[in-house]
Amino acid sequence: MWRQLLPVGRSAVSGGYRRFAWTGADSDCRAWFEEQARGRRLAYEVDRNGNQWAWLGDPARGDAVVTGSHLDSVPDGGAFDGPLGVVSAFAALDELRRRGVRLAKPLGIVNFGDEEGARFGLACVGSRLTAGALTVGQAHRLTDGDGITLPRAMEAAGHDPDAIGADPERLGRIGAFVELHVEQGRALDLSGDRVGIASAIWPHGRWRFDFRGEANHAGTTRLADRRDPMLPYAETVLAARREAELAGAVATFGKIAVEPNGVNAIPSLVRGWLDSRAADQERLDAVVAGVEKAARAHAAAHGVGLDVARESFTPVVEFDHALRDELARILGSDTDLRVPVLGTGAGHDAGILSGRVPTAMLFVRNPTGVSHSPAESATEDDCVAGVLALADVLEGLART
Ligand code: HGY
Ligand code: MN
Ligand code: MN
Ligand code: MN
């Protein structure tokens, strides 16, 4: 199963993945999901927002136990971020069938669309739409780097963009959602454990910094006559690192757009995106305020204009304590598996659903700790431990 998915959207050069929402690679991933569902005689459907669902039992009965994750990726992403959760969901179902478990509740497997937001700039579009955390109007205005809007991209992939919208009835039928995900960090590697349970997702967001200067000739414009936006941008990137260190948080300027983007032209515009995350809101606010203050001072010093806009924000997510404790109880009975509880700075669909549906996450050890990179890794043994832990959890939550 895993091997069939591996080649989809993979670069022969870097070994990284490029599976952007509503592209050919995304369609191939969706075809794989449908094949896995139908091959297991599961009821298959695509919801109004393009998320894919596979059901054992009728979800209309309610109190369903659902597991899954996403199949899309960041540019040049790793093999496990997202797909491990979806593959493990199907493998855990296979394990329940092997055990002969009789389920008292409907069991669902989901692939949430566009979790990474790599194409349209907003993470978790499929789950946000379903949860009503993104309006139809906001979604229709999402546009990719080539000026293609989300509705047009959906339509080109054969999905009706006018059908999108909140789906409270669907969420109302879910009694528990458990997302298994490769750990994006080294906590399990350092603690020597194969599997962990998530306690919380840090508050995090994305801010856009537009530095507006004056395009001019790189060879003939005296330094004193320049209004070069690249300079305050560079100083702001360094300021972000200092602010993050001060607050014990993280801050990243990982994406930049330059106009006119010519080697021999002083830019007219430098657009940079800040991704910042912290263990609590106070620290996050301190980082963003500090970066914005520094950016305004540096822009003014270079005679450059500055606009700052918050593009997305996700408040802290404390996962459902009762469900988290239930997972710990279920897994705790599995004597040879210690299962620590850990927080994360990574956003997930589980974070979006949390608060609307009892939600929990399981993490599988990543020996490199690296993610959003081809170097992301997980050993076969740890992946199997993750599948067995997920099967235990699903059995414990859905059994007669
Ligand atoms: O950005 C994130 O934290 C997630 O991987 N989408
Ligand atoms: Mn990711
Ligand atoms: Mn992910
Ligand atoms: Mn996720």
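How do the residues lining the largest cavity divide into nonpolar, polar and charged? I opened my notebook with that one, keeping in mind that this is a predicted model.

**Entry: the largest cavity**

I found five nonpolar residues, three polar and one charged in the lining. The names I wrote down are Trp 22, Asn 49, Gly 113, Asp 114, Val 125, Gly 126, Leu 129, Leu 150 and Met 154. Helix H4 (125-131) and helix H6 (150-156) are the elements that each give two or more residues to this lining. H4 gives the most, with three residues. I noted about 50 Å³ of space inside.

**Entry: the second largest cavity**

I then asked how many cavities of 30 Å³ or more there are. Around it I listed Ser 73, Val 74, Gly 77, Gly 78, Asp 81, Glu 116, Ser 371, His 372 and Glu 376. By class, this lining has one nonpolar, five polar and three charged residues.

**Entry: His 204**

Is His 204 buried or exposed? I have it down as buried, because its relative accessibility is 11% and the cut-off for buried is under 20%. Its side chain reaches the backbone oxygen of Trp 202 at 2.8 Å. Setting aside neighbours within four places in sequence, I found His 204 in contact with Ser 276, Arg 277, Leu 284, Phe 313, Thr 314 and Gly 347.

How values were computed. Residues numbered from 1 in each chain as written. Chains lettered and ligands numbered in written order. Predicted model: local features only at pLDDT ≥ 70, side-chain atom pairs only at ≥ 80, totals over all residues. Heavy atoms only, no water. Buried < 20%, exposed > 50% of the residue type's maximum accessible area, 1.4 Å probe, protein only. Polar contact = N/O pair within 3.5 Å; in protein donor to acceptor, adjacent residues only side chain to side chain. Contact = heavy atoms within 4.5 Å. 1 Å grid on protein atoms, 1.4 Å probe; cavity = no way out; pocket = protein on both sides within 12 Å on 5 of 7 lines; lining within 4 Å. Points joined across faces, edges and corners; volume = space filled by probe spheres on them. Helix = DSSP H or I, 4+ residues; strand = E, 2+ residues; numbered from the N terminus. Nonpolar A, V, L, I, M, F, W, Y, C, P; charged D, E, K, R; others polar.
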